Amino acid sequence: MPLTNGKINNLRPEIPRCCPTLLANVMRRCWDANAEKRPEMDEAVAMLEAIDTSRGGGMIPLDQSQGCCFFCFRRKRGP
């Protein structure tokens, strides 16, 4: 991967389909290619705190074995 000043040029991780929409929106704003459009840290924190997680916030319930990437964790199986 080409690096410039220690940063990867315009590459962002793919947001998994299982990622809750509200969280995905925060990620997209924080990863905007134009640094001027990215929220300040206090705004990003406020956006994250505003996500209603009382009903799971769109996350995959723990009792389901489905999961993806690092957002939706799978239960460990086996020894």
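Partly exposed, as the words are used here, means a relative accessible area between the 20% that limits buried residues and the 50% above which residues are exposed. The legends below all look at a predicted model.

**View 1. The whole chain, from end to end.**
Start with the layout: the chain has two helices and two strands. Going from the N terminus, they come in the order β-β-α-α. Of the 79 residues in the chain, 23% are buried. Take the contacts between residues at least 6 apart in sequence, and 32% of those join residues at least 24 apart.

**View 2. A salt bridge between Glu-43 and Arg-29.**
Here we zoom in on a charged pair. Side chains of opposite charge can pair when their charged atoms come close. Glu-43 and Arg-29 form a salt bridge, with 3.1 Å between their closest N and O atoms. Arg-29 belongs to helix 1 (residues 21-30) and Glu-43 to helix 2 (residues 41-49), so this pair ties together parts that are 14 residues apart in sequence. A search of the whole structure turns up one salt bridge. How accessible are the two partners? Arg-29 has 33% relative accessibility, so it counts as partly exposed. Glu-43, at 33% relative accessibility, counts as partly exposed as well.

**View 3. The largest nonpolar core.**
In soluble globular proteins, nonpolar side chains tend to be buried together. The largest nonpolar core in this model has nine residues: Ile-15, Cys-19, Leu-23, Ala-24, Val-26, Met-27, Ala-44, Met-47 and Ile-51. Helix 1 and helix 2 are the elements that give two or more residues to this core. Helix 1 supplies the largest share, four residues.

Which residues of helix 1 are buried? They are Leu-23, Ala-24, Val-26 and Met-27. Looking down the axis of helix 1, these buried residues fall within an arc of 160°, so they line one face of the helix. An α-helix has 3.6 residues a turn, so residues three or four places apart point the same way. Helix 2 is part of what covers the buried residues of helix 1. On the face turned away from the buried side of helix 1 sit the exposed residues Thr-21 and Leu-22.

**View 4. A closer look at Val-26.**
Val-26 is part of helix 1. With 8% relative accessibility, Val-26 counts as buried, because buried means under 20%. Setting aside neighbours within four places in sequence, Val-26 is in contact with Met-47, Leu-48 and Ile-51. Pro-39 is 13 residues away from Val-26 along the chain, and the C-alpha atoms of the two are separated by 9.0 Å.

**View 5. Cys-19 and Cys-30.**
Now for a pair of cysteines. Cys-19 is buried, at a relative accessible area of 8%, while Cys-30 is partly exposed, at 28%. Leaving out neighbours within four places in sequence, Cys-19 is in contact with Ala-24 and Met-27. How many disulfides does the structure hold? The count is zero.

UniProt, in an unreviewed entry, lists residues 10-47 under "domain: Serine-threonine/tyrosine-protein kinase catalytic". In the model, residues 10-47 are 45% helix and 0% strand. The C-alpha atoms at the ends of residues 10-47 are 23 Å apart.

Methods. Residues numbered from 1 in each chain as written. Predicted model: local features only at pLDDT ≥ 70, side-chain atom pairs only at ≥ 80, totals over all residues. Heavy atoms only, no water. Salt bridge = Lys/Arg side-chain N within 4 Å of Asp/Glu carboxyl O. Buried < 20%, exposed > 50% of the residue type's maximum accessible area, 1.4 Å probe, protein only. Core = buried A, V, L, I, M, F, W, Y, C linked by side-chain atoms within 4.5 Å. Contact = heavy atoms within 4.5 Å. UniProt positions renumbered as here; feature names shortened; annotations may be inferred. Disulfide = S-S within 2.5 Å. Arc of directions from axis to C-beta.
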